[in-house]
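Me: I am new to this structure and would like to go through it step by step. Could you show it first?

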Amino acid sequence: MEKTGWAVPNTMRSAGAKKDQQSDTGPAPQESHGGLVTTDRLNLGARALKAGLRTTVALCLVTTLAHVVLVFLHVAPANTVSKRYTPAINAWVYPYFEQNWRLFAPDPDSVNRQILVRTAHTGTDGSVEVSSWFDLTAVDNSAVEHNPFPSHTTQNLMRRAWTSYTETHGGDDKARTERAVMIQKYLTNIAADRVAAHTSGPFDFIQLRVVTQPIPAPGAVTSGSPGTPAETRLLPWWKVTTHGN
């Protein structure tokens, strides 16, 4: 008598073999979490970058708003607010944000100015050593000449500082307002930095000499007639932070 039985499908044999194989070798390895950690770090960096951008934008907006308000109070007619906060307004506006009408109605210089400076240094024995005159205007002119893109600083820094000085001090070199004191320190620092960059040796005092020569009007006949004499203005000695030590 022939024996018969149920035949085991091949698919079931394969599944059982795989199950036995997994049982012999242990559990299947779990999926690594490295990808999740990297994603979390990227998300954290993105959030920090967004927070930094928001902070930067907020600071820029606050600074811009404060600048507009202070400049508006500076150019607006005198009022209670501008009078109360005059020191803060002037400290912000001068000398970099000064407002005037020269952009629309330019008033070019009608004179040539030569600004010279000399220094003095007091030695340990009490002796005072005074240098020869150094031409600051010649240095600026040499930097502008043959330069296709001269800087605004080279062209106007010293000239505008001197113009502001004459407007606030008149002809007696006495500072009677806080702005006059500030302009005097501004001019002093510019001259001290310029001379320190081109000369050697320490100095504690500086003195300016300004020679003003009027420019003849266009078409004026100057031959045979004496020209307008140059005006020389000698400023007092000013104490500066010791340079060159």
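**Charges, rings and overall build**

Reply: This is a predicted model. In it, the charged end of R209 is placed over the ring of W133, at 4.6 Å from the ring's centre.

Me: And what lies over the face of F205?

Reply: K239 does, with a distance of 4.9 Å from the ring centre.

Me: Now the rings themselves. How many aromatic pairs are there?

Reply: The count is two, taking rings whose centres lie within 6.5 Å as a pair. In one of them, the ring centres of W162 and Y165 are 5.4 Å apart and the planes meet at 20°, so this pair is stacked.

Me: Why does 20° make it stacked?

Reply: Planes under 30 degrees apart count as stacked, and the angle here is 20°.

Me: Where do W162 and Y165 lie in the chain?

Reply: Both belong to helix α6, which covers residues 152-169. They are three residues apart, or about one turn of the helix.

Me: Are they buried or exposed?

Reply: W162 and Y165 are both buried.

Me: Which residues do the ring pairs link into a cluster?

Reply: The cluster consists of W162, Y165 and W238.

Me: Changing topic, how many helices and strands does the protein chain have?

Reply: There are seven helices and six strands. Along the sequence, their order is α-α-α-α-β-β-β-α-α-α-β-β-β.

Me: What share of the residues is buried?

Reply: Of the 245 residues in the protein chain, 21% count as buried.

Me: And the surface of the protein chain?

Reply: The accessible surface is about 18200 Å², and 59% of this belongs to carbon and sulfur atoms.

Note on methods:
Residues numbered from 1 in each chain as written. Predicted model: local features only at pLDDT ≥ 70, side-chain atom pairs only at ≥ 80, totals over all residues. Heavy atoms only, no water. Phe/Tyr/Trp six-rings, centres within 6.5 Å; stacked < 30°, edge-to-face > 60°. Helix = DSSP H or I, 4+ residues; strand = E, 2+ residues; numbered from the N terminus. Buried < 20%, exposed > 50% of the residue type's maximum accessible area, 1.4 Å probe, protein only. Lys NZ or Arg CZ within 6 Å of the ring centre and 35° of its normal. Areas by Shrake-Rupley, 256 points an atom, 1.4 Å probe, with all protein chains shown as cover.
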